[in-house]
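Open the model in your viewer and keep the selection tool at hand. The stops below say what to select next and what is there.

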Amino acid sequence: MKSKASAPGKVILFGEHFVVYGVKAILCAINKRITVTAEKIEENIICIQSNIGKLELEPNKDVSKINSPLKPFYYLANKIIKNKNTGIKIKVESEIPLGVGLGSSSACCVAGAAAISRLFSNISKEEILELAIEAEKTIFPNTSGADCTVCTFGGIMEYDKKNGFSKIKYEPDFHLVIANSNIKHSTELIVEDVKLFKKNNENEFSNLCKDERKLVEDVLELFKKNNIKVLGEKVNENQRYLETIGISNEKIRKMIQIGKESSFGSKITGAGGGGCVFALTDDTNLNKTINQFRNKNYECFSVKIDLEGLNTF
Ligand code: MEV
């Protein structure tokens, strides 16, 4: 018997870094997915295959000692098959570039939790989310759970540390052109750099938080009106704040410039220092924006909002 599930990746549209200091962020699920297939096998092993490698181990190993990006799958399989006298084979297929801030690890955890658990019982999306967050914590102990939540439920969400998540019911009709800098970054280190910036520039940082808070409120109004052009101005404004706190670099600035040429606005998504940028477009300027990145040899692709979230087959 096989069970299959898929979950979307995500982008942070507005509010990264400032969210760490209590400001609201806006996240959006994207229509690029990770698909996980799970299958019971007779042999007493947990076997995980993906395009970033393979992990094959007996059950009941100490998860903290496993050094593999596939560790969350092992955690999930090991937990779910406990006392069930079966092994498990897991296959992971991805349309999302891995490790560049597009939610690949969260989508893996959500699709993995769903595919494996549904071999045995029909648990709810809420329970799957809980399992997925536990699994993600084996690689990112400090995760807020925001990424797994948007991957599970799809659409656009607002999140702040105090009030948690809520789904935004307006779904503006835009495309995002996502370009990959191919610079590897460590979210943890960049968050530390921002902390240092804050320490050395308390007043400036506090004003930036105020500005970001106002910007996010404006954005929520623009969503209601589906005003993509003015939304693009907010994207550019947010990018200026991210430049100020020092998470950009020469290559990213070049990419943002290319992105801005024919889109409505362009910014970093996620931690910065590398990873991806996006450019906001509608049907009128989508192809031109893609071509501009490709002409300069940047890897890019376009996405829309994923409205579905977790899907099981
Ligand atoms: C990273 O994807 C988002 C950050 O805001 C860090 C965080 O929220 O934990 C940079």
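This is a predicted model.

**Stop 1: the ligand and its shell**

Select the ligand together with Ile12, Glu16, His17, Val19, Val20, Thr187, Val191, Gly270 and Ala271, the residues around it. On its own the ligand exposes 290 Å², and 74% of that is buried by the protein. By class, the shell splits into five nonpolar residues, three polar ones and one charged.

Now colour residues 2-169 as domain 1 and residues 175-303 as domain 2. Because both domains give residues to the shell, the ligand lies between them.

Next, pick His17 and display its backbone. A polar backbone atom of His17 is 2.9 Å from an oxygen atom of the ligand.

**Stop 2: Glu16**

Stay in the shell and select Glu16, which is one of the residues around the ligand. Glu16 sits in the loop that runs between strand E1 (2-14) and strand E2 (25-41). Is Glu16 buried or exposed? Its relative accessible area is 2%, so Glu16 is buried, the limit being under 20%.

Which partners does the side chain of Glu16 have? One is the side chain of Lys267, with a polar contact at 2.9 Å. Another is the backbone nitrogen of Gly270, which the side chain of Glu16 reaches at 2.8 Å. Gly270 is also listed among the residues around the ligand.

**Stop 3: helix H6**

Select residues 202-225, which form helix H6. Show the side chains of Lys214 and Asp218, which meet in a salt bridge with an N to O distance of 3.0 Å. The two residues are four apart in the helix, so about one helical turn separates them. Asp218 is partly exposed at 22% relative accessibility, while Lys214 is exposed at 51%.

With Lys214 and Asp218 they are linked in a network of salt bridges.

Further along H6, select Glu221 and Lys224. Their side chains form a salt bridge of 3.1 Å, N to O. Here the spacing is three residues, which again means a separation of about one helical turn. Glu221 is partly exposed at 37% relative accessibility, and Lys224 is partly exposed as well, at 45%.

**Stop 4: Asp62 and Lys65**

Select Asp62 and Lys65 for another salt bridge, with 3.2 Å from N to O. Asp62 has a relative accessible area of 40% and is partly exposed. For Lys65 the value is 68%, which makes this residue exposed.

**Stop 5: the loop between H1 and E5**

Find helix H1 (71-80) and strand E5 (87-94); Asn83 lies in the loop between them. Asn85 lies in that loop too, between H1 and E5. Check the backbone torsions of both residues. Most residues other than glycine have a negative phi. Asn83 has a positive phi of about 60°, though it is not a glycine. Asn85 also has a positive phi, near 55°.

Asn85 counts as exposed with a relative accessibility of 80%.

**Stop 6: Ser117 in helix H2**

Select residues 104-117, helix H2, and pick Ser117 within it. Ser117 has a relative accessibility of 4% and therefore counts as buried. What lies 3.4 Å from a polar atom of the Ser117 side chain? That position is taken by the backbone oxygen of Ala114.

**Stop 7: helix H9 and Val303**

Finally, select helix H9, residues 286-295, and find Lys288 in it. Lys288 is exposed, at 54% relative accessible area. Lys288 and Val303 are 15 residues apart in sequence, and their C-alpha atoms are 15 Å apart in space.

Conventions: Residues are numbered from 1 along each chain as its sequence is written. This is a predicted model: local features need pLDDT of at least 70, side-chain atom pairs count only at pLDDT 80 or more; totals for chains, interfaces and linings use all residues. Side-chain values use heavy atoms; hydrogens and water are left out. A residue is near a molecule or strand if one of its heavy atoms lies within 4 Å of it. A polar contact is a pair of N or O atoms within 3.5 Å; within protein, one must be able to donate a hydrogen and the other to accept it, and residues adjacent in sequence count only if both atoms are side-chain atoms. Accessible areas come from the Shrake-Rupley method with a 1.4 Å probe; for residues, only the protein chains shown count as cover. Ala, Val, Leu, Ile, Met, Phe, Trp, Tyr, Cys and Pro count as nonpolar, Asp, Glu, Lys and Arg as charged, and the others, Gly among them, as polar. Domain bounds come from an automatic or database domain assignment. A salt bridge is a side-chain nitrogen of Lys or Arg within 4 Å of a carboxyl oxygen of Asp or Glu. Buried means under 20% relative accessible area, exposed over 50%, partly exposed in between (1.4 Å probe, protein chains only).
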